[in-house]
Structures are given as structure tokens and as C-alpha cells.
Amino acid sequence: MTSETVQGNAGNPGVQTRVVLVMGPSGSGRTTAIAALEDFGYETIHNLPLSLVPRLIDGPLDRPVALGLDVRNRDFSVARMIELIDRLTHNPALKLELLYLDTQPDVLVRRYSETRRRHPLAPADAPLEGIRQEVDLLAPIRARADVLIDTSAMTPHDLRAEVGRWFDMGHVARLVVSIHSFSYKRGAPRGLDMMFDCRFLSNPYWIPALRPLTGLSPEVADYVASDPRYREFIAKVKDLLLFLLPAHVAEGKSHLSIGFGCTGGQHRSVAVTETIAKTLAEAGWQVSKRHRELERQAQTLPEVRTGSGA
């Protein structure tokens, strides 16, 4: 993508305005995706009737637009939606992209059971019936998607990051590096570009005083760093990343996701993630970090602030 595809066309009819249509079954994460796009600088409107979309797009646009479209709208039909996609696609002033959020039916059923909501297409039946109807209804639109994101195993944080990989307007200027710590017992995070195994380092879990702490604490970080192999490992990873990052920029990549894993995702991988994130930031790279297992603990056991597992 070039910078021309992400700028508005106000006062410059030769530049395309980026328009993102966001669709997917109810419960797939449309609200989260729309909120992320708004944070990325898009003008966003959720649940806009199809009949109003051309009127909105035909007006002056000074920045990219993201529209959330829903089968619940009174004038929605698949035929009208396909017609709208074709119309906007052939508008030379626009760069249209259809973002479709896909989710496995069993995951949607679980999400509905957690929220205790009724499905809008089958309010009198079990949610599964409405989910099946909506998935079947949206199949022709799913087939037209420019970007398809499966949100089945994603948290809202994961979805926001994935939307950012495709639509964050800041990607034109520089590469964004995200660094994740995780537990191999729970599996590697989705979408990692590189992954490093930290399980060879000395494990603080076996030290009673360190077990309840995390890699964010100085005591654990110092213990992990005391492993004779630690310094060389960090140096080699640093050298590798500082060699690869400019190459990814030259290739046109906008986002690079790097993971560091250990057994429980609480000690070693967290400490290494903190060190590498600081190292890359000091080298001038735009870095974000996430400690997946610590986030899980904070969500499920908010009263325990230091963790309780390996």
C-alpha cells in the first residue's frame, strides 16, 4: 500500500479515500474492530443503514472512513449489500476494502451464553439457530472479503492488534514491533512472525521465594539474568533482530510480531520480553509489549496481583 491509499480526498480529487466496510456475524467482534479503527484515525459509523452509505460517501471526505454494517438494519439484504460493494468498488475516488470477521459457530454460541443475549435473527430460539441462519445469510458477502480475520481464538486485544496490522494508518511511516510473552502450555499466540523458546534458562518457579512473583519483579529478572547462558542469548537475539528489522522495512512490512515463550509464561519469558523490548526501543524502534499469561491472571484472579503459577 502507498500513502495515497490512506489519505482523504478533500481538495485533491486525484487521491483515493480509504473506505472500510466491517461485517461479520453477531458476536464476532465488530464493535471491537470499529473501535480500533476509530483509534487508528478513521471516521467510524456503526450500524449504518445501507441506503445511507452512498449519501455519506458522496459527500466530502477528509479522512478514511470505516462503516460497520449489520443484518439487523431494516433495509439490509445480501443483494443490496453486493450491489453496494460493486458500486463503491467502481468509484475511482475510493479505495474500498471489505473486512469480514469470521468466527466458529461453537465459539459464537459460547459468547452468547456468556452474555445471555438472544440472537437477533432468532430471538425465540436457541442462539445456535440464529447463528446458523446468519452465517448462511452472510456467506456470499464473506466470499467477497478483502481481509478475512478469524476471531474464534482472539481476545479483544488480539483482534485490535490484527486490525491494526491491516488498517493502522501509521504503518506507512514506520514498522511497529510487538513483543509477546506466553506459556507453551497454552499454546503460542496467533500471528507470531518469530518465536524464541526461553525454557533452557534457569526457572525461578523452583525457588519458593520467587515462585509467586513474575518476570516484572527485579528479583526474578536478576535471577533469570544470572543464568550463564542469558547474556549471550540476549546478545544474539538482539543482533538478529537489529539485522532483520530494517530488512522487513525494506520489504514493506508494517508490523512484526515476536514471541518469547516459557513453561508457565510468568517468569522467564516475561523477563526476556522486558529486556528485548527495552533494547529495541533504545535502538529507535516503535515497540509494544504484551504479557499474555499475566493478563489472563489479572482477568480471572483480579485479587491476586503477583500470580500463583509457574
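# Briefing: helices, pocket and loops

Helix 9 is followed by Gly-284, whose phi is positive, near 100°. The model is predicted: local features need pLDDT of at least 70, side-chain atom pairs count only at pLDDT 80 or more, and totals for chains, interfaces and linings use all residues. Residues are numbered from 1 along each chain as its sequence is written, and side-chain values use heavy atoms, with hydrogens and water left out.

**Overall make-up**

- The protein has ten helices and nine strands. Helices (H or I, at least four residues) and strands (E, at least two) are DSSP runs, numbered from the N terminus.
- Of the 310 residues in the protein, 45% are buried. Buried means under 20% relative accessible area, exposed over 50%, and partly exposed in between (1.4 Å probe, protein chains only).
- Among contacts with a separation of 6 or more, 73% join residues 24 or more positions apart. A contact means heavy atoms within 4.5 Å.
- The accessible surface comes to about 15,500 Å², and 52% of that belongs to carbon and sulfur atoms. Areas come from the Shrake-Rupley method with a 1.4 Å probe; for residues, only the protein chains shown count as cover.

**Helix 8**

- Helix 8 covers residues 230-251, and its 22 residues should span 32 Å at 1.5 Å a residue. Its end C-alpha atoms are 31 Å apart, which agrees. The expected span is 1.5 Å times one less than the number of residues.
- Tyr-230, Phe-233, Ile-234, Val-237, Leu-241 and Leu-245 are buried in helix 8. They cover an arc of only 90° around the axis, so they sit on the same side of helix 8. The arc is that of the directions from the helix axis to the C-beta atoms.
- An α-helix has 3.6 residues a turn, so residues three or four places apart point the same way.
- The face turned away from the buried side of helix 8 carries the exposed residues Glu-232, Lys-236, Asp-239, Phe-243 and Ala-250.
- Cover for the buried residues of helix 8 includes strand 6 (176-183), strand 7 (194-197), helix 7 (218-225), strand 8 (255-262) and helix 9 (268-282).

**Helix 9**

- Helix 9 has 15 residues and reaches 21 Å from its first C-alpha to its last, close to the 21 Å expected at 1.5 Å a residue.
- Its buried residues include Arg-268, Val-270, Val-272, Ile-276 and Leu-280.

- Helix 6 (residues 156-167) has twelve residues. From first C-alpha to last it reaches 16 Å, close to the 16 Å expected at 1.5 Å a residue.
- Leu-159, Glu-162, Val-163, Gly-164 and Phe-167 are buried in helix 6. Their cover includes strand 1 (17-23), helix 1 (30-39), strand 4 (94-102) and strand 5 (147-150).
- Helix 6 gives the largest share of the lining of the largest pocket, eight residues.
- Helix 1, helix 4 (105-115), strand 5, helix 6, strand 6, strand 8 and helix 10 (292-300) each supply at least two lining residues.
- The lining has 40 residues, of which Ala-153, Met-154, Thr-155, Pro-156 and Asp-158 lie nearest the centre of the pocket.
- About 870 Å³ of space lies in the largest pocket. On a 1 Å grid over the protein atoms alone, a pocket is an open set of points where a 1.4 Å probe fits, with protein on both sides within 12 Å along at least five of seven lines; lining residues have an atom within 4 Å of a point. Grid points are joined across faces, edges and corners, and a volume is the space filled by probe spheres set on the points.

**Two loop residues**

- Asn-47 is found in the loop between strand 2 (43-46) and helix 2 (53-57). Asn-47 has a positive phi of about 60° although it is not a glycine. At 31% relative accessibility, Asn-47 counts as partly exposed.
- Asp-75 is found in the loop between strand 3 (65-68) and helix 3 (78-89). Asp-75 is buried, with a relative accessible area of 13%.
- Not counting residues up to four places away in sequence, Asp-75 touches Pro-49, Leu-50, Ser-51 and Arg-80. The C-alpha atoms of Asp-75 and Ser-51 are separated by 7.2 Å, and the two residues are 24 apart along the chain.
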